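Student: I would like to take a close look at a single part of this structure, and I would be glad of one connected account of it.

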Amino acid sequence: MTDTAASLPISERRTQSQAWWNTVNAWLLLLPAAVLLVAFTHWPILATIRHSLFITRRNGTEVYVGLDSYQAMAADPIFWKALVNNFWFALGTIPTSITLALIMAIWVNRNMRGRGFLRLAYFTPTVLPMIAVANIWLFFYTPDYGALDQLRGLFGLGGWNWLGDPSTVMGCLIVMVIWKEAGFFMIFYLAALQQLSPDLEEAAAIEGASRWYTFRRITFPLLMPTTLFVAINAVINSFKLVDHLVIMTKGGPNNASTLLLYYIYEVAFTFQDSSYAATLTVVLLMLLSVIALIKFGYLDRRIHYQ
Amino acid sequence: MSAITLSHVSKFWGTMRAVDDVSLTADEGSLLVLLGPSGCGKSTTLRLIAGLEEADAGSISIGGVDVTHLSPAQRKISMVFQSYALFPHLSVAENIVFGLRVRRVSRAERDERLKRVADIVGLSHLLERKPSQLSGGQRQRVALGRAIIAEARVCLMDEPLSNLDAKLRHEMRTEIRALQQRLGMTMVYVTHDQTEAMTMADRVVLMRDGRIEQNGSPEELYNRPATAFTARFIGTPPMNLVRRGDRLIGIRPEHIRIVAGGDHAARVKAIEHLGADSIVWCEIDGQPISVRLDGFSKVLRGEDIRIAWNAEHEHGFDSTTEARLENIVKEGRLAASSP
């Protein structure tokens with residue numbers, strides 16, 4: 001008894017210093033990642049928010065203007081146009097590309113001839129450089145001698161300026177982005193499907209479940225983590241699209257294909273108005289944060305993770 | 001009517017004969033064990049009965065109905081998988097009633113049957129849990145519950161105990177057997193563990209390379225192995241096979257005694273003390289042989305001993321075909337039934 005009583009304080013002190021070292025170690029291990037995260041993510045966000053509250057004079061001095069830029073933004077019809085465009089663009093691309101990705105993944109997940117080739121074919125759009133993709137589709141959409149108009153010509157229909165008409169330009173972009181993203185998302189679904197044990201499907205089959213019932217009650221719920229991941233990616237991508245617009249439409253005609261990030265790019269680098277660009281960026285950041293909050297706060301709790 | 005009959009069933013994977021001309025019958029209300037080493041085709045045979053694979057030749061009937069080309073659901077069977085195949089996102093209750101929901105059984109009946117089955121498998125207090133929150137034995141019970149709630153007359157089990165520890169395995173073995181008898185199910189049970197086969201089965205079908213090696217009661221397989229393969233497979237430790245001329249002589253370890261002045265000189269290689277008995281591993285003429293002795297054996301490693309056995313306990317096998325030589329058997333049987 002006396003032995004343990006005597007040794008107790010020492011061991012306690014030792015565990016305390018050990019715990020201290022553990023903490024220091026942990027922070028040291030975290031440091032590289034933390035430095036990168038702060039330097040390239042958190043600090044720029046704070047700097048942007050600060051910048052949106054100032055305007056920069058020609059001589060380089062900054063003047064505090066408070067929420068003036070935000071008021072100007074609220075009165076800016078092009079900003080609203082870009083926001084609404086972005087909404088329709090997201091609505092047009094996200095559900096369709098995810099559904100297509102899931103269908104394609106289930107299709108190529110079976111044992112069949114040429115499966116590898118089919119998987120590769122679906123994945124090709126993702127591998128191609130975006131500038132090349134934009135040029136391919138530019139050829140499809142070219143009036144009169146583009147692929148689409150030549151097809152129309154077979155039915156005796158006249159040429160159509162697909163990207164030059166405000167009523168069709170958004171639809172054209174949506175189709176292209178779906179084509180590009182569905183294959184990429186398919187890879188994630190394919191990986192998730194291959195993680196599922198075939199026993200589950202067999203067990204369901206023995207219980208008399210139809211294929212649709214099995215998909216609805218077993219496969220799809222078990223794919224929910226993937227669906228969420230893919231959906232978040234799709235949302236981010238729909239706010240991130242710039243390069244195709246630069247090649248294909250430059251946001252035109254009459255801002256019919258201007259999306260939020262493209263507008264920010266134009267404001268910052270064409271109009272050289274960095275403080276207004278910062279204001280717009282803050283709005284974009286808030287939009288994406290809300291989506292992230294919904295994901296972590298609500299959806300994650302309702303999804304089964306293995 | 002729930003007897004299962006396979007007649008001349010074959011299944012090929014390319015040129016590999018996974019199941020090769022298998023014929024067997026599981027009587028109504030009996031437990032038939034498909035036993036064999038891995039890759040012998042026992043699991044494939046079970047999957048053929050379940051309808052998860054389609055037979056390339058032969059026919060399968062359940063309860064007198066030809067089910068060879070029916071889907072698993074149409075065969076009205078239940079099955080327990082080696083992995084349990086529990087739906088990880090559904091609660092224990094939802095897992096158990098999955099099949100009832102598929103068949104649109106009313107909520108009231110579903111609840112009532114769930115309650116009854118949960119009592120039988122002892123899961124009443126865990127119904128809200130997810131499978132990931134259960135121990136291996138509890139998951140096994142969920143799989144069992146899902147199999148019996150359908151009240152199918154036929155239950156198929158694919159190595160259901162192989163993921164459990166030894167103690168639980170022993171418990172579940174007894175429980176599954178009791179349940180099978182209580183509910184009067186016809187059960188086909190796949191295992192590579194001959195102890196499970198010996199303790200649970202009404203009939204054991206020992207398979208090897210897609211073919212049936214021997215089909216009989218556990219007692220027959222133990223006392224009258226039809227081939228040297230069966231002799232080597234059944235028993236812990238299995239039957240000793242000693243080459244003598246053009247035949248193999250088989251003697252069970254428990255039939256060998258260590259006696260001064262015994263017929264054969266042997267050298268002790270190792271001793272395993274199991275408590276109630278000891279296994280002494282010896283060598284005679286360069287051939288390994290095991291001896292089972294009651295109690296705690298005092299022989300030492302490296303010791304030279306003499307062993308003996310009675311001729312009536314000898315089983316004879318042809319050393320090339322490995323088939324049983326009947327004349328020796330007859331003598332053996334006579335000797336066994338005379339005292």
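Which residues of helix 8 (residues 198–206) of chain A are buried?

Tutor: Bearing in mind that this is a predicted model, the buried residues of helix 8 of chain A are Asp199(A), Leu200(A), Glu202(A), Ala203(A), Ala204(A) and Ile206(A). Within chain A, these buried residues pack against helix 9 (211–240), and on the side of chain B they pack against helix 1 (42–50), strand 6 (77–80), helix 2 (92–102) and helix 4 (136–149). At the N-terminal end, helix 8 of chain A is capped by Ser197(A), a side-chain oxygen of which lies 3.1 Å from the backbone nitrogen of Asp199(A), and Asp199(A) is itself one of the buried residues of the helix. After helix 8 of chain A comes Gly208(A), which has a positive phi, near 90°.

Lys180(A), which lies in helix 7 (residues 169–195), is buried yet has no salt bridge; the nearest side chain of opposite charge, that of Glu181(A), is 5.1 Å away, whereas a salt bridge would need the nitrogen and the carboxyl oxygen to be within 4 Å. Leaving aside residues up to four places away in sequence, Lys180(A) touches Pro125(A), Thr126(A), Met130(A), Val133(A) and His244(A). Ile294(A), in helix 12 (residues 274–302), is by contrast partly exposed, with a relative accessible area of 43%, and its C-alpha is 12 Å from that of Ala231(A), although Ile294(A) and Ala231(A) are 63 residues apart in sequence.

How values were computed
Residues numbered from 1 in each chain as written. Chains lettered and ligands numbered in written order. Predicted model: local features only at pLDDT ≥ 70, side-chain atom pairs only at ≥ 80, totals over all residues. Heavy atoms only, no water. Helix = DSSP H or I, 4+ residues; strand = E, 2+ residues; numbered from the N terminus. Buried < 20%, exposed > 50% of the residue type's maximum accessible area, 1.4 Å probe, protein only. Contact = heavy atoms within 4.5 Å. Polar contact = N/O pair within 3.5 Å; in protein donor to acceptor, adjacent residues only side chain to side chain. Lys, Arg positive; Asp, Glu negative; His and termini not counted.
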